[in-house]
Amino acid sequence: MITAVRHLGPNWYATVMGTAVVATAGSALPRPAPRQACTALWALSLALLLTLLVARALHWRHHRDQARAHLLDPAAAPFYGCLAMALVSVGGATLTVGRDWIGTGAAVALDAVLFTAGTAVGLAGAVTVPYLMAVRHRVEPGQATPVWLLPMVAPMVAAASGPLLVPHLPAGQARETLLLACVALFGLSLLGTLVMLPVVFGRLLTGGPLPLALTPTLFFVLGPLGQSTTAAGAFAEAAPGAVPAPDSRGFAVLAVLYGVPVMGFALLWLCLATAHVVRARRHGMGFTMTWWAFTFPVGTCVTGAAALARHTGLVAYEALATGLYVVLVAVWAVVAALTVRGVVGGTLLAAPRPVLPAPRPADDAPRRAADRTTSGAVR
């Protein structure tokens, strides 16, 4: 066991996020998915989280050199944002569907613990990872990938999940404080993403396609888009009883005026990312852990579209949420099965191999540097 976890990186928390969001998104649909199935997926995500926390603790205890190497690797360090998102995602799923099995009181308590821990880890990562990239990592513009967004997305996941706890707090200061703290997390993440996204998009346009194994990470861009739309809808639903009536109505307006254009851009990016993935598959892209990028970000778009359906009453958003959820479930089933096969076969826990670049007619020196840098981030 100790030897097996040597190459277990923080990117493995994506399995927790991707599983928890299937449960959460299923319960958010206009016509919810079977409740028992969603609850079973929540239980699976909780089991995965506990297993990975233990495995990562062993990793840090017995393979400190490798853990330190992950922190100093600009391709691996941003994945520490996945720990925060895994904690918060499981917490939100606990209160959404897990309460069916453990009761509301226990669900609130567990969510409070996971939300607090995940938010703290997310805020720490949002500061620490960019700091390390600036002062310790040696990165070039040609090495930018959507993975860099992960530390910035983590606070947005907390912002979308926190409002679930608002009704369970005493009326008055406590409710308003938590709600506005979530709004602050929303702003922190949104502005951080707006700073980072042009760097990633500019590299994509000027540097060409990502290395094959990293192509699925283009779906990471959907995370802040779908999750911020979800968060805006959650603010509107938690605001009555937490803030004065005029502010409550303002949150309801924000949910629509913000969510509609952002969801439009999310659909545009979904088409762009899908086109890149199809191209990469044609050129030999095989399975790696980056395929989990197909799950959680799409799940946030499901919850975002479902929130817009509730606040606008439009059948179009109901259909969008349902259609995306069907895709999410299908992709999760495939990626989960391939992950299990890779773990059983030992390939996913082996030392990483160099990442193959995307085929490109012209020679590209920055691309070769990026390929060397990203070799450790795909397992």
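Predicted model: local features only at pLDDT ≥ 70, side-chain atom pairs only at ≥ 80, totals over all residues.
Q: Why is Thr 339 called buried?
A: Thr 339, which lies in helix H11, has a relative accessibility of 6%, and because buried means under 20%, Thr 339 counts as buried.

Q: What makes the pairing of the side chains of Thr 339 and Trp 292 a polar contact?
A: The two side chains make their polar contact at 2.9 Å, a value to be set against the cut-off, which asks for a pair of N or O atoms within 3.5 Å.

Q: How do you know that the length of helix H2 agrees with its number of residues?
A: Helix H2 covers residues 35-62, and its 28 residues, at 1.5 Å a residue, should span 40 Å; the C-alpha atoms at its ends are 41 Å apart, which agrees. Several residues of H2 are buried, including Trp 42, Leu 49, Arg 56 and His 59, and what covers the buried residues of H2 includes helices H1, H3, H4, H5 and H11.

Q: Why is Gly 304 called buried?
A: Gly 304 has its place in helix H10, and its relative accessibility is 0%; because the limit for buried is under 20%, Gly 304 counts as buried. Apart from neighbours within four places in sequence, Gly 304 is in contact with Gly 226, Thr 229, Thr 230 and Met 263, while its C-alpha atom is separated by 7.7 Å from that of Ser 228, a residue 76 places away along the chain.

Q: What describes the way helix H8 passes helix H10?
A: The axes of H8 (residues 222-238) and H10 (residues 296-312) come within 7 Å and cross at roughly 35°, and the crossing is left-handed. Among the residues that meet are Gly 226, Thr 229 and Thr 230 in H8 and Thr 300, Gly 304 and Ala 307 in H10. The residues of this contact divide into eight nonpolar, ten polar and two charged, a division in which Gly is counted as polar.

Q: What makes up the contact of H9 with H11, by class of residue?
A: The axes of H9 (residues 245-282) and H11 come within 14 Å and cross at roughly 40°, again in a left-handed crossing. Val 260, Met 263, Leu 267 and Leu 270 of H9 make the contact with Tyr 317, Leu 320 and Leu 324 of H11. Because Val, Met, Leu and Tyr count as nonpolar, the contact has seven nonpolar, no polar and no charged residues.

Notes:
Residues numbered from 1 in each chain as written. Heavy atoms only, no water. Axes fitted to C-alpha atoms, helices over the stretch in contact; angles between N-to-C directions. Helix = DSSP H or I, 4+ residues; strand = E, 2+ residues; numbered from the N terminus. Left-handed = near helix turned anticlockwise from the far one by under 90°. Contact = heavy atoms within 4.5 Å. Expected span 1.5 Å × (residues − 1). Buried < 20%, exposed > 50% of the residue type's maximum accessible area, 1.4 Å probe, protein only. Polar contact = N/O pair within 3.5 Å; in protein donor to acceptor, adjacent residues only side chain to side chain.
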